[in-house]
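The following exercises are to be worked with the sequence and the coordinates at hand. Each task is followed by a solution in steps.

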Amino acid sequence: MIPLLLIVVPFVAGIIAFFIKAGNAVKGWSLVAAIASLAVALAGVYSKGAVNYNATWLPTLGSSFSLTLDGMSKMLALLTAIAFPLVFAATWKNEYAKPNSFYGLMLLMQAGLTGVFLASDLLLFYFFWELALIPAYFLCSKWGGEKRIQVTFKFFIYTFIGSLLMLVGILYLYFHTAGSSFALQDIYNVKLAAGPQNFVFWLFFIAFAIKMPIFPFHTWQPDTYEQSPTAVTMILSGVMVKMGIFAVIRWLVPVFPEAVGKFDNLIIILSVIGMLYASLIAIRQDDVKRLVAYSSIAHIGLMCAAIFADQKVGLQGVMVQMFNHGVNVIGLWIVADAIEQQLGTRKFSELGGLAQKAPGLAILLVIMALANVALPLTNAFVGEFLMFNGLFRYNAWMAAIAGISIILAAVYTLNMVQRIFYGNTTPLTENARDADGNVKLVLAILTVVILVFGVYPEPILKLTNDTVEIVLAKLK
Amino acid sequence: MNAIIIAAISGVIMMFSSVFINNKGAYRHIAAVLLLVLLGANIADTYGHHFFHIDVKGMLRFDRFGFLFNSIAIAATFIYVVLTGRSMEKIGKYTAEYFVLIFFVLCGICVLGCYNNLLMLFLGIEIMSIPLYILTGADKRNLKGNEAALKYFLMGSFSTGLMLMGITLIYGATGSFALNGIQLSKAMGGTSPAAGGPFLLESVGLILMLVSIGFKVSAAPFHFWTPDVYDGAPSVFTSFMATIVKAAGFIAFIKLFDARAGGSSVDVNAYTGVDWKMLFAFIIVATLLVGNITAVFQQSVKRMLAYSSIAQAGFMLFALFSLNDLAKEGLILYAAAYSLATIGIFAILVKMKDYTFEGYNGLGKTQPVLAAANTIFLLSLAGIPLTAGFFAKYYMLASVVKTGSYLWLVIVGVLFAAVSVYYYFRVIQAMYFKDGESETEEVSTGFKTGLVILAAIIVLFGVLPQSLLNWFYF
């Protein structure tokens, strides 16, 4: 029942939200709904073992409405459920035209995202994969920045092409299962010959690579992050990109083990190129949002490389980092949004000396920034350490080259902190105030999460252990 | 049989109603009631209640497939009349006659749903086409409409001629008009190209039939009439032609070729001497290419829909390519999904003052219900999950993947599906994300309710396609 509730609560709440016309009422309603889903998610996390839900859906097609809440799903469902209330709270003061549609679509997106993480039926997974995309498309195109329509459309077309290629792959797998079924276990039992396996592997991987995004499929990402309303950007980068990583772990690596063994080198090289490339571009950015966007590509590249390193530590690191990256990047966006809402700009060249005017915000940003650099004691350190460990065991040279991105991350992140908060004040920052209470509260919560998981990552490792074991068993 | 006879009788009733009733608004109510009767009669027929007992000498065969399609066609026509009936009154004086012609078209469609003989196929196509030529030119003071009607008529007669020639050749080869009888040449020893004689005649005959039906369903390279005719005809009738009539063409198509390759024991390729699948693959790729790429460059939504109907035909051709059980089910679903969505889009289109994409700017603000329903219809045409269009495309792709080869054709198909998103979403972008004061004619609450119900049906089929397809088996 819990897996079903996790999807139904935001879905129904989202539908209702469309009919609440008053701005503040719909905000309150959405926050309450998001907190309710968080409560359900927590109940899910604390329930023992994998929780399954099954209902008939399309018996003649061999597809059922089946959800499973195993370790990785629990972790990502929790991340989704944490992200939404925090995003709603942090952007409480932002005003949107037609707030009912905005919050309704946000909640529908939550339902779609959660569905992706829970589905244990390939056709259902495809359904949710698309359903998460449609609200995102409308949200970005309607409430985004100046170039929003073209940029979001590029994003949509990109991911839609990926999805359709995946659909072909799904159908191919489907006709090779025993008795034509979409169920996870039947898909896992498919044994494809080497030729088709290599081919279908790429049909799936391109879809996931576009979503993550992995170099050279990343070109939609910086523009979309920049042009989207910040609340949506938070979800896109905090939660939605995890769809790609999750899908690789759940639907790609265990299904095509031989193809993974064949292409792992190529994919790691692509990921590492992407990491360095994105980090170098991040250094040259003058816009907070674009900087965080490129830094996000670098982080995702590392996660992808660590998955294909086929090592237990690497995979554990990815699990930890999926959660932590979500938390950290949302934190960074919140700071960026707080600055933009108040001063109307995101450009470093127009900012400076903000620490004197907004000391609270400065302290919190520094913590977020340090987490982004993966300093020890912050949560990201644990994940990155494990992932580099895995990568190192796979190929020391790769790990060394990828390691350069850590230094680059320190360069651009600290440069950002310095240019926004220190130095001389500019005309724009003369009269700046400190951030609002709700923003500070959300950032404080995130800080606690960052520090707790930085010191004690054990809960995530334990929670996701079953998934890691299953994937590794398939690879061996 | 019920549907064929009652459709013809309904046409006659409509004809006389124009003599006795002078109230323009009454006609569409009469038509709607007659359509419901027709639907009821067809469903009764499905369950074995035959109102008429006529010996058809095996020239018609009444099976589940035909009945289900006829029901869908009649139901779609009902929805079409309810949504756009009022707009028909604005075209000319002869409102009742338009309904008469629509009933005759339906009569032809019902023949096509159950023909079992090539002569009946010919009759069905003709009964369906001739009223359409008239409907295309219904607005007789409009030069573009006249041009379209003439063009349609000439092209249509030409393709009918080809069909007759094809039928003649097949008859010459097999000595029978029966749908299954055409495999006779095999029995006569014509199993390989070397045998020549009857074999060659039959192959040429079938290729002529392919060309002719290709004309009717506007498959490339036989599509050239489509954009001009669809654009020139009054929008309300374009809606009817592009949906229900086209779907009927496909049903005729698949019945013919299914019988041809009937019982998978027949090796179609060796039988005809040409690589039949490659021929279809060529037509599919050409149709998808022409339809999608040209639709991208259109400025008028109506012309875009004309090209998009070619593109959608390309997808339906997948069923003819694979010819398996999934293909038959899928074609039924596709016919329903595509017809309903397109009828909805056209119903909104005829209410618009300006048919260009700019004309839709800001519709989300001025007419939120219309815009929301239109979005669902467009998403369905684009094949996004939760709408009927997704499962329609799903079945088409799955049927080809099931054949085990030709994965490249499926990939070409999905890439064109991605292209189609470009022009369908341009309408959505105009409605919601661009500023403007989109102007529409006055829209009644009933019309809005109809659209909402139609959208709900599309979503229902998108979540549970079995709710439609179970009629196949039950």
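Buried area is the accessible area, taken with a 1.4 Å probe, that two parts lose on being put together, summed over both. The model used throughout is a predicted one.

**Exercise 1. The interface**

Task: Determine how much area is buried between chain A and chain B, and how many salt bridges are counted between them.

Solution. 
Step 1. The size of an interface is often given as the accessible area lost when the parts come together.
Step 2. For chain A and chain B, this buried area is about 3200 Å². Carbon and sulfur atoms give 84% of that area.
Step 3. Chain A supplies 33 residues to the contact, and chain B supplies 35 residues.
Step 4. The number of salt bridges between chain A and chain B is zero.

**Exercise 2. Two salt bridges in chain B**

Task: Describe where the partners lie in the salt bridges B:E147 to B:K151 and B:R303 to B:D228.

Solution. 
Step 1. The side chains of B:E147 and B:K151 meet at 3.6 Å, N to O. These residues are four places apart in helix α6 (residues 143-174) of chain B, which means that about one helical turn separates them.
Step 2. B:E147 is partly exposed at 46% relative accessibility, and B:K151 is partly exposed at 27%.
Step 3. The side chains of B:R303 and B:D228 also form a salt bridge, at 3.6 Å, N to O. Since B:R303 is in helix α13 (residues 301-322) and B:D228 is in helix α9 of chain B, this pair ties together parts 75 residues apart in sequence.
Step 4. B:R303 is partly exposed at 22%, as is B:D228 at 28%.

**Exercise 3. A buried leucine**

Task: Is A:L365 buried or exposed, and which residues does A:L365 touch beyond four places in sequence?

Solution. 
Step 1. A:L365 is part of helix α15 of chain A.
Step 2. With a relative accessibility of 3%, A:L365 counts as buried.
Step 3. Beyond four places in sequence, its contacts are A:L332, A:V335, A:M416, A:V417 and A:F421.
Step 4. A:V417 is 52 residues away along the chain, yet the C-alpha atoms of A:L365 and A:V417 are separated by 7.5 Å.

**Exercise 4. Backbone geometry in loops**

Task: Find where the cis peptide bond of A:P213 and the positive phi of A:D310 are placed.

Solution. 
Step 1. The bond joining A:M212 and A:P213 is cis, with omega about -5°. A:P213 is in the loop between α8 (194-211) and α9 (220-227) of chain A.
Step 2. A:D310, although not a glycine, has a phi of about 60°. A:D310 is in the loop between α12 (288-308) and α13 (312-343) of chain A.
Step 3. At 19% relative accessible area, A:D310 is buried.

Definitions and conventions:
Residues are numbered from 1 along each chain as its sequence is written. Chains are lettered from A and ligands numbered from 1 in the order in which they are written. This is a predicted model: local features need pLDDT of at least 70, side-chain atom pairs count only at pLDDT 80 or more; totals for chains, interfaces and linings use all residues. Side-chain values use heavy atoms; hydrogens and water are left out. Contact means heavy atoms within 4.5 Å. A salt bridge is a side-chain nitrogen of Lys or Arg within 4 Å of a carboxyl oxygen of Asp or Glu. Helices (H or I, at least four residues) and strands (E, at least two) are DSSP runs, numbered from the N terminus. Buried means under 20% relative accessible area, exposed over 50%, partly exposed in between (1.4 Å probe, protein chains only).
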